[in-house]
Amino acid sequence: MRDPMIDFESARLKIFNATPMLGTKTVSLARCEGYVLAEKIVTKESIPSFDSSAVDGYAVRCEDIEIAGKNKPVALKLVGEVRAGGTAGDKVGKNSALRIFTGAPVPRQATAVVMIEDTEESNGVVFIKKSAGRGQHIRKKGKEFRKGQEIFSPGNYISPPVVAMLASSGVTKIKVYRKPRVSLLVTGDELRPPSSKLKPGEIRDSNSFALIASLHSMGIDNVDVMRVKDTEADTRRSFLKALKTADVVISVGGVSVGKYDLVKETLHKIGVRQVYWRIAMKPGKPNYFGVKGKKLIFGLPGNPVSALVSFYVLVRPALWKLMGRTDESSFIVKARLTDTITKNPGRMEFVRGIVNRTGSGELFVSPLKTRDSHMTGGMVAANCLIYFPKESGKLELSSLVDVELLLW
Ligand code: AMP
Ligand code: MG
C-alpha cells in the first residue's frame with residue numbers, strides 16, 4: 001500500500017520540529033549581514049551619545065527669542081560657530097547665538113536651535129525671525145536608547161539597518177548562528193548542462209541553477225552540486241557522500257512513483273529516517289523529507305515549478321531556522337482576487353499570482369493562467385503564491401485570500 005499523503009501544514013510543522021539551530025561563530029561587523037544574531041546586544045553608551053543639532057542654524061536660549069516673528073526679528077550677538085565633530089566650547093549667554101551645523105554638539109546653555117531659513121546674519125548679528133519651543137531641533141542624548149538597554153535579541157536577522165545600529169553602538173565582533181552547508185543532488189539521466197547541444201529526449205538542467213540561486217539569495221554560499229544518474233548505485237553513492245559534509249541535503253527529481261524514482265528507497269537503505277513522503281499539495285505532491293542525526297534531507301520533485309515552490313514553502317523556512325532566525329521570514333498578506341479560480345478539493349494549491357496595490361492602497365491579486373507545474377514562465381511572472389486551501393473547490397472573484405510574497 002502506498003503511504004498516505006500528509007497535509008501541507010503538518011509537513012511544515014514536522015519540518016520545523018525536526019530542524020535544529022546550528023552552532024554559533026563570531027563574525028566581524030563588515031561581514032555580518034545576512035546572519036542571525038546569537039547574542040543579545042546591549043548599548044555601551046546612550047544613543048545619541050550627546051545633545052546635537054538636527055539642522056543647520058543657530059543655537060540660542062529660547063527665552064531670548066520669545067517675541068520673535070517674521071516682521072519682528074530679534075537681534076542676537078553671534079558668539080562663534082560649532083561644526084559636526086567640533087566641541088561646543090563657546091558659551092551661549094544671554095542674547096547670543098552660536099552658528100551650528102547638523103550633527104554638531106549643542107552647548108549646555110542653549111535650549112533650542114533655530115533653522116537657518118528663519119534667520120538672517122550680518123556683521124556679527126543674527127536676526128531671529130521665529131520663536132522656538134524648548135528643545136526645538138535638538139536631538140537629545142539617549143533619546144533613542146539609554147545606556148545599558150537591550151537593542152537586539154538572539155534570533156534577530158541582521159539586515160542593513162541592523163548593521164548600521166551595530167556600527168553606531170561600537171559593536172565590531174558579533175556572535176551569530178552558522179549558515180548551513182548544503183549539498184544539492186540533481187537526479188535524472190535526461191539532464192545535460194545548460195551549455196550542451198541536446199540529443200533527442202535530453203533537456204537542460206535548470207533546477208540546480210535555480211536552487212543554487214535560491215540559496216544564494218538567502219546568503220547561503222556553501223553549496224556543492226552533484227549530478228546523479230538514475231541508478232541505485234549512483235544515488236546511494238551520492239547521498240552517502242553528501243551526508244558526510246552537509247547539514248542539509250536537497251535532491252531534485254526521482255522522488256515520485258516511477259520505476260526510476262530511486263530517492264526514497266535508497267535513503268531508507270542508507271539509514272535515513274523518513275518523516276514524510278508525498279504532500280497533499282499542488283504543485284509538489286512527490287515531496288520527501290527525512291532526517292539522519294541532525295542532518296535534514298529534502299527530496300524535491302523534478303518539475304521546475306514544483307521544485308521552486310517546494311523549496312520556497314518547505315525548505316526555506318527550515319534553512320532560516322537552522323540559521324537561528326526566530327522573527328518572521330515569510331510574508332503572508334491578504335489580497336482581493338481579480339478572478340474566480342477553481343480546483344478539485346483534496347490538495348492545497350499554491351497558485352502563482354501577481355499582487356498589486358491600487359490607488360486606494362488595497363492589495364489585489366491576479367492568478368496567472370498557467371498553472372502547469374512544468375512551465376517555468378508562470379513562476380517568472382509571479383510575485384506571490386495564492387494559498388488555495390485543501391478542501392476548497394472555489395475561490396470567488398473579490399474574495400480576500402492569503403498570499404505569500406515571493407521575496408527571492
Ligand atoms: P522527476 O521528478 O524526476 O520525475 O522529474 C519530473 C520532470 O521534471 C521531468 O520532466 C524531468 O525531466 C524534469 N526535471 C527533473 N530534473 C530537472 C532539472 N534538474 N532541470 C529541469 N527539469 C528537470
Ligand atoms: Mg527523474
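Predicted model: local features only at pLDDT ≥ 70, side-chain atom pairs only at ≥ 80, totals over all residues.
Visitor: How many helices and strands does the protein chain have?
Guide: Seven helices and 28 strands.

Visitor: What box do the C-alpha atoms fill?
Guide: Roughly 95 × 50 × 40 Å, taken along the principal axes.

Visitor: What share of the residues is buried?
Guide: 47% of the 408 residues count as buried.

Visitor: And the contacts? What percentage join residues at least 24 apart?
Guide: 71%, counted among contacts between residues at least 6 apart in sequence.

Visitor: Switching to the surface. What is the accessible area, and how much of it is carbon and sulfur?
Guide: The accessible surface comes to about 20200 Å². Carbon and sulfur atoms hold 52% of that.

Visitor: How many positive and negative charges are there?
Guide: The protein chain has 63 positive and 41 negative charges. Their mean positions are 4 Å apart.

Visitor: Now aromatics. How many pairs turn up?
Guide: Seven, from a search of the whole structure. One of them is Y312 with W408.

Visitor: Why is the Y312 and W408 pair classed as edge-to-face?
Guide: The ring planes are at 75°, and over 60 degrees counts as edge-to-face. The ring centres are 4.8 Å apart.

Visitor: Where do those two sit in the chain?
Guide: Y312 is in helix α6, residues 304-322. W408 is in the segment after β28. The pair links distant parts of the chain, 96 residues apart.

Visitor: Y312: buried or exposed?
Guide: Buried, with a relative accessible area of 1%. W408 counts as partly exposed, at 42% relative accessibility.

Visitor: What about F350 and Y387? How are their rings set?
Guide: Their centres are 5.1 Å apart and their planes are at 85°, so this pair is edge-to-face.

Visitor: Which strands hold them?
Guide: F350 lies in strand β24, residues 348-357, and Y387 in strand β26, residues 384-388. The pair therefore ties together parts that are 37 residues apart in sequence.

Visitor: Is F350 buried or exposed?
Guide: Buried, at 0% relative accessible area. Y387 counts as buried too, at 13% relative accessibility.

Visitor: Which residues form a cluster with Y387?
Guide: F8 and F350. With Y387 they form one aromatic cluster.

How values were computed. Residues numbered from 1 in each chain as written. Chains lettered and ligands numbered in written order. Heavy atoms only, no water. Helix = DSSP H or I, 4+ residues; strand = E, 2+ residues; numbered from the N terminus. Buried < 20%, exposed > 50% of the residue type's maximum accessible area, 1.4 Å probe, protein only. Contact = heavy atoms within 4.5 Å. Areas by Shrake-Rupley, 256 points an atom, 1.4 Å probe, with all protein chains shown as cover. Lys, Arg positive; Asp, Glu negative; His and termini not counted. Charge placed at Lys NZ, Arg CZ, Asp CG, Glu CD. Phe/Tyr/Trp six-rings, centres within 6.5 Å; stacked < 30°, edge-to-face > 60°.
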